[in-house]
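Q: I am new to this structure and would be grateful for a close look at a single part of it.

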Amino acid sequence: LMSKTIIVYYSWSGHTAALAHQLQQLTQADTYELKVPAGTFSRDMYETSDMAKAQLSAGQLPAFTQPLPDLTAYDLILVGGPVWSGAPATPILSFLGSADTGQAKLAPFYTDAGSAGEYEAAFKQAAGNRVTAKGLEAAGPAATTALQAWLNQL
């Protein structure tokens, strides 16, 4: 029996959305895009990085424009987002801090322009005592074989 899976993702530039779409085609899983209010971030990568750092230092993670779906019905939640300064983007940290994920296992997938830094360690820390799986890093469009191999491990 295939576990009940949902793909929850935040995409700043479209790269994570493209990866989420590829994963959805392979899994037929439900998907949910995390959206933040307009103006939360800049279109400029460096300004956005500064805004995210300010959010972190103030302890004010971004809110979402829509309530989260009921995630307690799922066994596996694929959580996708961009890497910002070697860590999960603040909307992902906001999700991990506020979502009731029930007994689901969380598996991160993330996109970056260069280095993923300590992304998975930071993700695990933000997930607290929830079960997390090894993640999937993609610097560009991911090969379907790599995605399938990761999904098979889960």
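How many residues does helix 1 have, and what distance does it reach from its first C-alpha to its last?

A: This is a predicted model, in which local features need pLDDT of at least 70 and side-chain atom pairs count only at pLDDT 80 or more, while totals for chains, interfaces and linings use all residues. Residues are numbered from 1 along each chain as its sequence is written, and side-chain values use heavy atoms, with hydrogens and water left out.

Helix 1 comprises 13 residues, 15–27; helices (H or I, at least four residues) and strands (E, at least two) are DSSP runs, numbered from the N terminus. From first C-alpha to last, helix 1 reaches 19 Å, close to the 18 Å expected at 1.5 Å a residue, where the expected span is 1.5 Å times one less than the number of residues.

Its buried residues (under 20% relative accessible area, 1.4 Å probe, protein chains only) are Thr 16, Leu 19, Ala 20, Leu 23 and Thr 27. Viewed down the axis of helix 1, these buried residues fall within an arc of 100°, so they line one face of the helix; the arc is that of the directions from the helix axis to the C-beta atoms. An α-helix has 3.6 residues a turn, so residues three or four places apart point the same way.

The cover over the buried residues of helix 1 includes strand 1 (5–9), strand 3 (76–84), strand 5 (105–111), strand 6 (136–138) and helix 5 (144–153). After helix 1 comes Gln 28, whose phi is positive, near 60°.

Note on methods:
Buried < 20%, exposed > 50% of the residue type's maximum accessible area, 1.4 Å probe, protein only. Contact = heavy atoms within 4.5 Å.
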